[in-house]
Amino acid sequence: MWAWFDRWNQDREAYDRAILPLRDRISREMAPLAEAPGVALTHNLHPVLLTRGLSVTRGGSIYDPEMLRVVHPPSDSGDPKDREELWLAYSNLLAEGQGMGKLRQNVAALMRDMAEWEEAKELARLYRQMADLKAKIEEEAEVLSLRRAFTGRCRLCPV
């Protein structure tokens, strides 16, 4: 069991290190989005994309691309096309400016494609390894606790 603990800790350290390439890939993929004319990305976009990437590697779907919304806020000039905002579920402002419809499509495509990135596949592999080791550790701990409660000559018995 201690060997499994050691392997789980090694896998956890490898998982933590493997997050950095994913974070870097997200930054690289965001660079063209930030260079679009009339677009101002907020500080929320990178953490949202990182959370999405990590959830995909764990088999989840936090921040589904369908949650992206383009909003036309009221403006002082009276022209509603002066400025648009890109929101994730109306709770995270991701960008503002002009051309948010195109930006929404690009961000949604980025969110959908994350599962196919090599960085995400490596994180998913490490996550599955850690889950398998956790299951083995939990099973062995259960067997050890049952050995204290029951005597006899089966797999659970101390003899």
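Does Tyr15 count as buried or exposed, and at what relative accessibility? In this predicted model, Tyr15 counts as buried, because its relative accessibility is 0%, which falls under the 20% limit for that class.

**Aromatic pairs**

The structure holds 2 aromatic pairs, and the table gives the geometry of each.

| Pair | Centre to centre | Angle between planes | Arrangement |
|---|---|---|---|
| Trp2 and Phe5 | 5.3 Å | 35° | tilted |
| Tyr15 and Tyr127 | 6.4 Å | 45° | tilted |

Trp2 and Phe5 both belong to helix 1, which covers residues 2-34, and they are 3 residues apart, about one turn of the helix. Trp2 counts as exposed at 64% relative accessibility, whereas Phe5, at 29%, counts as partly exposed.

**A charge over a ring**

An aromatic ring also takes part in an arrangement with a charged side chain, in that the charged end of Arg25 sits over the ring of Trp117, at 4.3 Å from the ring centre.

**The surroundings of Ala108**

Ala108 is part of helix 3, which spans residues 100-113, and this residue is buried, with a relative accessible area of 3%. Leaving aside residues up to four places away in sequence, Ala108 touches Pro65 and Leu68. The C-alpha atom of Ala108 is separated by 9.1 Å from that of Met67, although these two residues are 41 residues apart along the chain.

How values were computed:
Residues numbered from 1 in each chain as written. Predicted model: local features only at pLDDT ≥ 70, side-chain atom pairs only at ≥ 80, totals over all residues. Heavy atoms only, no water. Helix = DSSP H or I, 4+ residues; strand = E, 2+ residues; numbered from the N terminus. Buried < 20%, exposed > 50% of the residue type's maximum accessible area, 1.4 Å probe, protein only. Contact = heavy atoms within 4.5 Å. Phe/Tyr/Trp six-rings, centres within 6.5 Å; stacked < 30°, edge-to-face > 60°. Lys NZ or Arg CZ within 6 Å of the ring centre and 35° of its normal.
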